[in-house]
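Subject: Structure for you to look at

Hello,

Here is the structure I said I would pass on. Please open it and keep it beside this message while you read.

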Amino acid sequence: MSIIRRNNWEDFSEDSNISLQEWLDYVASDNEFLKVDETILYPFDPEEDWRWNHPMIEDKKFGLPILSYSKTFKMISIKNPDYWMIEKMIAMAKQMNARVVGEEGEFYDEDFLQMIAPDE
């Protein structure tokens, strides 16, 4: 799942245009993000990859979710997000004038969240 911004959403060949500086400015303004620990065994980039620390995250056995910025594709991505991460990504996308897009090109928005909302 990714946060992507295009000028023309009908043109699927158009690349996303979120800059690294825009991503860094966003995480600097949001105190829920933490830099990725450099001791992680995976090839994460401490400048581009940030952990999201939120109290609603249920499964912390693998650590906090990591959002990664891709310099190649100019987008922000995460693997296997839960409800709370999707909700956060939708809010982030709104601030960046972007959209949350799945691996098959499907869009995620508030209507999707209402369909899958956890029971209270």
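Below is what was found in it, starting with the whole chain and then going to single residues.

Please keep in mind that this is a predicted model.

The whole chain

The protein chain has three helices and seven strands. The chain has 120 residues, and 42% of them are buried. Among contacts with a separation of 6 or more, 48% are between residues 24 or more positions apart. The accessible surface is about 7,800 Å², and carbon and sulfur atoms account for 49% of that surface.

Helix H1

Helix H1 covers residues 20-29. Its buried residues are Leu20, Trp23, Leu24, Tyr26 and Val27. These residues lie on the same side of H1, because they cover an arc of only 160° around the axis. The general rule behind such a pattern is that an α-helix has 3.6 residues a turn, so residues three or four places apart point the same way. On the face turned away from the buried side, H1 carries the exposed residues Ala28 and Ser29.

Trp23 counts as buried because its relative accessibility is 0%. The C-alpha atom of Trp23 is 7.3 Å from that of Tyr69, although the two residues are 46 residues apart along the chain.

Gln21 is also in helix H1, but it counts as partly exposed, at 48% relative accessibility. The side chains of Gln21 and Asp25 make a polar contact of 2.7 Å.

Asp30 has a relative accessible area of 9%, so it is buried. Its side chain makes a polar contact of 3.0 Å with the side chain of Tyr26, which is one of the buried residues of H1. A polar atom of the Asp30 side chain also lies 2.9 Å from the backbone nitrogen of Glu32.

Arg5 is in the loop between strand E1 (2-4) and helix H1. Is Arg5 buried or exposed? Its relative accessible area is 15%, and buried means under 20%, so Arg5 is buried.

The Arg5 side chain makes a polar contact of 2.7 Å with the side chain of Asn17. A polar atom of the Arg5 side chain also lies 2.7 Å from the backbone oxygen of Met96. Leaving out residues up to four places away in sequence, the residues that Arg5 touches include Asp15, Ser16, Glu22, Asn97 and Ala98.

Aromatic rings

How many aromatic pairs does the structure hold? There are two aromatic pairs. In general, a pair of aromatic rings is described by the distance of the centres and the angle of the planes. Tyr83 and Trp84 form an edge-to-face pair, 4.8 Å centre to centre with 90° between the planes. Tyr83 and Trp84 are both buried. Tyr108 and Phe112 also form an edge-to-face pair, at 4.6 Å centre to centre and with 90° between the planes. Tyr108 is buried, because its relative accessible area is 17%.

Another ring to look at is that of Phe107. Arg99 lies over the face of Phe107, at 3.5 Å from the ring centre.

Backbone angles

As background, most residues other than glycine have a negative phi. Two residues to check against this are Lys74 and Asn97.

Lys74 is not a glycine, yet it has a positive phi of about 50°. Lys74 sits in the loop between strand E4 (66-70) and strand E5 (75-77). With a relative accessibility of 39%, Lys74 counts as partly exposed.

Asn97 is not a glycine either, and its phi is positive, at about 55°. Asn97 is in the loop between helix H2 (83-95) and strand E6 (99-101). Its relative accessible area is 63%, so Asn97 is exposed. You have met Asn97 already, as one of the residues that Arg5 touches.

That is the end of the list.

Regards

How values were computed: Residues are numbered from 1 along each chain as its sequence is written. This is a predicted model: local features need pLDDT of at least 70, side-chain atom pairs count only at pLDDT 80 or more; totals for chains, interfaces and linings use all residues. Side-chain values use heavy atoms; hydrogens and water are left out. Helices (H or I, at least four residues) and strands (E, at least two) are DSSP runs, numbered from the N terminus. Buried means under 20% relative accessible area, exposed over 50%, partly exposed in between (1.4 Å probe, protein chains only). Contact means heavy atoms within 4.5 Å. Accessible areas come from the Shrake-Rupley method with a 1.4 Å probe; for residues, only the protein chains shown count as cover. A polar contact is a pair of N or O atoms within 3.5 Å; within protein, one must be able to donate a hydrogen and the other to accept it, and residues adjacent in sequence count only if both atoms are side-chain atoms. Rings of Phe, Tyr and Trp (its six-membered ring) pair if their centres lie within 6.5 Å; planes under 30 degrees apart count as stacked, over 60 as edge-to-face and the rest as tilted. A charge sits over a ring if NZ of Lys or CZ of Arg is within 6 Å of the ring centre and within 35 degrees of the ring normal. The arc is that of the directions from the helix axis to the C-beta atoms.
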